[in-house]
Amino acid sequence: MKHQLPNLQYPHNALVGAISERTLEFHHGKHHQTYVNNLNSLIPGTKFEDASLEQIILNADGPIFNNGAQVWNHTFYFDTFSPNPKPSPEGDLLNAIEVSFGSFDEFMGKFTNAAVTLFGSGWAWLVVDADGKLAITQESNAGNPLRKGQKPLLTCDVWEHAYYLDYQNRRADYVQAFWKIVDWRIVENRFK
Amino acid sequence: MAFQLPKLRYEYNALEPYIDAMTMDIHYNKHHGAYTNNLNNAIAGTQVEALPIEEILREVSKLSPAVRNNGGGYFNHNLFWEIMSPNGGGTPGGELLKNIEKHFGSFNEFRDKFSNAAATRFGSGWAWLVWTGKDLQVFSTPNQDNPLMDVSDIKGTPILGLDVWEHAYYLKYQNRRPEYIQNFWNVIDWKTVEEKFLVATGK
Ligand SMILES: [Fe+2]
Ligand SMILES: [Fe+2]
């Protein structure tokens, strides 16, 4: 099975103010595309030749895991954004956030901290734990919560390539801007 | 006494066109500067406060993650600036070249092995040429780990290091890490690397 690079749901300049057109061009057009290409060149002749990305995340190691998980992670990340985002969650998701973190503001503070303090390359996640509670986690490099039996709801890419052209060493400024483009309608749908 | 950000021996634009001035400025002042400050904060008031950085790194498994990350970041960037020069490039000579040929076959074979270690490090990290006490080895470490650390798979004295964190090359090369690695060979100061080799081997 040949994996494909999914199209973005918005133009490259749709997130300007938070993420520049140039960053999106490289991040989607080069990085995400390269993970797809690498995966397609790694899997022929292996037991992952016809596997889904989820099966690869659960069962593969080394370069096949790294590239497969990065394809999944980036698709999930880019799918979260919208030029007209719903600015905060409501309903069941808001209730669950309040139960687990106290308030939406406290959740944002904790998620921001997880994203800013992750050392090196990786991802900050909001997940539903195996016991049904919400949790914030950090994963290094290509790490993905599915591997731990968690259901991902939201992620922030903190590889330097996600923000270096726009923010250089100021990762905290990037994470602040990230909140302006997260479409909570999408996160609510994932929670359902 | 707290650790200091060392003075650069060249201007920010000195390694152009291989490493651009803006990258040098931010890499040195912001990234290296932050590792230095964070290291000082992490060791302030602890037993290792007065130790040389090499000794701190040798027992880093017993210390906080902040010391491992920032102590590594402090040492690694010190080395990185030292082993580059605007008059760099070419090949090493003397004892170092002899040993490179002995352990890798030829300079070109060593060069390919080192470039490959740098290109294939997934995520953030460093590629190294290390004197282990009995031979020269090439390998890579994640994040700010290095071969002085007791947590490193291969231990020894690093005599050449290449930063492959994206911050080291993203402004100029973006996703093209292999191009950055290739250009690194034009700025290596082999005289400094040779000196480090002689000190490491006690020759
Ligand atoms: Fe990314
Ligand atoms: Fe660096």
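What follows is a working chat about a predicted model.

Trainee: Ground rules before we start?

Mentor: The model is predicted, so local features need pLDDT of at least 70 and side-chain atom pairs count only at pLDDT 80 or more, while totals for chains, interfaces and linings use all residues. Residues are numbered from 1 along each chain as its sequence is written, chains are lettered from A and ligands numbered from 1 in the order in which they are written, and side-chain values use heavy atoms, with hydrogens and water left out.

Trainee: Which residues of helix 4 of chain B are buried?

Mentor: In that helix, residues 94-104, they are L96(B), N99(B), I100(B) and F104(B). Buried means under 20% relative accessible area, exposed over 50%, and partly exposed in between, with a 1.4 Å probe and protein chains only. Helices (H or I, at least four residues) and strands (E, at least two) are DSSP runs, numbered from the N terminus.

Trainee: Why do they count as being on the same side of helix 4 of chain B?

Mentor: Because they cover an arc of only 105° around the axis. The arc is that of the directions from the helix axis to the C-beta atoms.

Trainee: And what's exposed on the other side?

Mentor: K98(B) and K102(B).

Trainee: What do the buried residues of helix 4 of chain B pack against?

Mentor: Helix 5 (107-120), strand 1 (125-131), strand 2 (136-142), strand 3 (157-163) and helix 8 (190-201), all of chain B. Contact means heavy atoms within 4.5 Å. Just after helix 4 of chain B comes G105(B), with a positive phi of about 100°.

Trainee: Switching to chain A. At what angle do helix 1 and helix 3 of chain A pack?

Mentor: About 145°, with the axes of helix 1 (residues 21-42) and helix 3 (residues 62-79) 9 Å apart. Axes are lines fitted to C-alpha atoms, for helices over the stretch in contact, and angles run from 0 to 180 degrees between N-to-C directions.

Trainee: What residue classes are in that contact of helix 1 with helix 3 of chain A?

Mentor: There are 10 nonpolar, 9 polar and no charged residues. Ala, Val, Leu, Ile, Met, Phe, Trp, Tyr, Cys and Pro count as nonpolar, Asp, Glu, Lys and Arg as charged, and the others, Gly among them, as polar. The residues that meet include H27(A), Y35(A) and L39(A) from helix 1 of chain A, and N67(A), V71(A) and H74(A) from helix 3 of chain A.

Trainee: Back to chain B. Where is K172(B)?

Mentor: In helix 6 (residues 170-173) of chain B. K172(B) is partly exposed, at 30% relative accessibility.

Trainee: What is K172(B) in contact with, leaving aside its neighbours within four places in sequence?

Mentor: P17(B), Y18(B) and D20(B). K172(B) and Y18(B) are 154 residues apart in sequence, yet 8.8 Å apart in space, C-alpha to C-alpha. The K172(B) side chain also reaches the backbone oxygen of P17(B) at 3.1 Å.

Trainee: What about the peptide bond from E16(B) to P17(B), cis or trans?

Mentor: That bond is cis, with omega near 0°. Most peptide bonds are trans. P17(B) sits in the segment before helix 1 (21-43) of chain B.

Trainee: Where is Q174(B), and is it buried or exposed?

Mentor: Q174(B) is in the loop between helix 6 and helix 7 (177-184) of chain B. Q174(B) is buried, with a relative accessible area of 4%. Its phi is positive, about 50°, although Q174(B) is not a glycine.

Conventions: Polar contact = N/O pair within 3.5 Å; in protein donor to acceptor, adjacent residues only side chain to side chain.
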